Amino acid sequence: AERARVDAREEQRRERERSRAAEARAAATHAERWAAFAASPPAVIRFSDIPWLPMGGEEQMLRALGVRVAAGDGGARKRAHRLASMRWHPDRFGQQFGQRL
């Protein structure tokens with residue numbers, strides 16, 4: 001019984017590590033796609049050209065931005081929202097890419 005509990009805890013730890021690694025890869029991929037898009041946007045931007053953040057709410061947005069927020073860490077959450085708003089606010093996006101839309 002003790003061995004089963006140890007094995008279960010170890011499997012949970014491995015699953016958390018796999019999840020964190022997947023989140024880090026997703027964040028890196030999104031950052032790379034955004035950097036490439038911002039550096040060299042197409043002459044005419046279509047909806048499908050834009051490296052959108054994944055749908056799913058705040059937690060998924062934070063993961064895509066590579067932000068790990070501990071409970072009660074409002075500062076990290078605030079920084080992530082600021083980064084997202086700097087990219088995705090309609091006025092800001094329009095300033096950067098409006099003539100190509």
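Confidence in this predicted model averages a pLDDT of 85 over the chain, and 96% of the residues score at least 70. Among the parts of the chain, helix α2 (residues 58-64) comes out lowest, with a mean of 76, while α4 sits at the top with 90.

Now for the aromatic rings. The structure holds nine aromatic pairs. One of them brings Trp34 and Phe97 together edge-to-face, with 6.2 Å from centre to centre and 90° between the planes. Trp34 belongs to helix α1 (residues 2-39) and Phe97 to helix α4 (residues 90-97), so this pair ties together parts of the chain that are 63 residues apart in sequence. Trp34 is tucked away as a buried residue, because its relative accessible area is 8%, under the 20% cut-off. Phe97 is buried too, at 2% relative accessibility.

Phe97 also pairs with Phe37.

Ring pairs join Trp34, Phe37 and Phe97 with Phe47, Trp52, Trp88 and Phe93 into a cluster.

Terms used: Residues are numbered from 1 along each chain as its sequence is written. This is a predicted model: local features need pLDDT of at least 70, side-chain atom pairs count only at pLDDT 80 or more; totals for chains, interfaces and linings use all residues. Side-chain values use heavy atoms; hydrogens and water are left out. Rings of Phe, Tyr and Trp (its six-membered ring) pair if their centres lie within 6.5 Å; planes under 30 degrees apart count as stacked, over 60 as edge-to-face and the rest as tilted. Helices (H or I, at least four residues) and strands (E, at least two) are DSSP runs, numbered from the N terminus. Buried means under 20% relative accessible area, exposed over 50%, partly exposed in between (1.4 Å probe, protein chains only). pLDDT is the predictor's confidence in each residue, from 0 to 100.
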